[in-house]
Amino acid sequence: MKRRIGILTSGGDCPGLNAAIRGVTRAAYEMFDAEIVGIHDGYRGLIEGDYQAMKRSDFSGILTLGGTILGTARTPFRDMRKIGEDKVDKVAAMKKTYKDLKLDCLVTLGGNGTHKTANLLSQEGLNVIGLPKTIDNDIYGTDFTFGFHTALDIATDVIDRCHTTAASHGRCIVVEIMGNKAGWLTLYSGVAGGADAILIPEIPYDIKKVAKVVESRAKSNKGFTILAVAEGAMDKEEAKMKKKEREAKRAAEHFSASAYVAQQLRELVGVEARNVVPGHIQRGGSPNAYDRVLSTQFGVHAAELIRDGVFGVTVALKGNEITHNKLADIAGVPKLVPEDDRMVKTAKNMGIIFGDED
Ligand code: F6P
């Protein structure tokens, strides 16, 4: 059986992309007569016809490599159907590249935006298989995305390191964890790093409630506080605003989420507060063992689906099972932290506050 497979990585990168590419391609070479075309920089490459024929050796030695050997770019889904100044019909261009390359299927590795476009291409008649990657872990229908656990290790290490210096100085350190809409990474790293407060976008906070905890810790023999704050965390007033209004407010004040919290705590409690933003470090470097395994499992399952002619799906982890969901069922459905999530309950029962209640 001969299969020509196009493969691309789209959206923000994360550790494990190369491990997943390796998983798909190695399993495909093992299981059938595979020809692989690597598409550069995600959907941009598919639109512009920027690709290269790959050989088996191109996928050797990349298991531990961070980033993506194919390159990536953000090509927003909302623009896919829009004809811009360049007059390019992007959907037609992608279909043409697929056809010109005589592909039997397209494998897309990406997050929510990538999956929306994958679903669009599937509805347009292309054979598409998705692989869910993102450090945000916010793709519906899978317990975990690859990249999440490595970012979790990094974010936890940052919190650990802030812990010791905060303790030495009796300071309050506000660690800003990536995640604009979804607070999974902040929630898990906050628990793993033993934070005193976890502030996530899904649970708007009242700074006075946070200040109370900081104050009581400052007066106790501990004397320091660690806060894990998501990039997209917002207080109850900001939560009432429209997204654009909120962003404009933050931009005018030159505040990131953590800088804003630290500033308010300085004013309200008079503590020495510092904010730390590890930023893209959380997306860099080698995947950890968990993500190498998950990426490989996802990649191999994608190759099995190609072999079996199952398309219009994205692979997923449910419990201990590697399975798949229909693209149409998960595209455009972000997986946010529910207020009654088990990990939120675990944290609250440990005395970690979210700033929503006393
Ligand atoms: O989706 C992953 C992510 O790292 C988010 O956590 C973050 O909000 C965003 O990407 C940052 O995007 P960019 O890499 O475009 O700055």
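In this predicted model, 36 residues line the largest pocket, and those nearest its centre are Arg-74, Asn-112, Gly-113, Asp-136 and Lys-181. A pocket is an open set of points, on a 1 Å grid over the protein atoms alone, where a 1.4 Å probe fits, with protein on both sides within 12 Å along at least five of seven lines; lining residues have an atom within 4 Å of a point. Two or more lining residues come from each of helix H4 (112-123), strand S6 (172-177) and helix H9 (243-253), with helices (H or I, at least four residues) and strands (E, at least two) taken as DSSP runs numbered from the N terminus. The most, four residues, come from H4.

The volume of the largest pocket is about 1100 Å³, a volume being the space filled by probe spheres set on grid points that are joined across faces, edges and corners. Its lining comprises eight nonpolar, 15 polar and 13 charged residues. Here Ala, Val, Leu, Ile, Met, Phe, Trp, Tyr, Cys and Pro count as nonpolar, Asp, Glu, Lys and Arg as charged, and the others, including Gly, as polar. Because domain 1 (2-146 + 287-330) and domain 2 (152-283) both contribute lining residues, the largest pocket lies between them; the domain bounds come from an automatic or database assignment.

The second largest pocket holds about 340 Å³ of space. Its lining has 17 residues, with Asn-180, Gly-232, Met-234, Arg-246 and Glu-247 closest to the centre. H9 gives the most to this lining, four residues. By class, the lining of the second largest pocket has six nonpolar, three polar and eight charged residues.

Residues are numbered from 1 along each chain as its sequence is written, and side-chain values use heavy atoms, without hydrogens and water. Local features need pLDDT of at least 70 and side-chain atom pairs count only at pLDDT 80 or more, whereas totals for chains, interfaces and linings use all residues.
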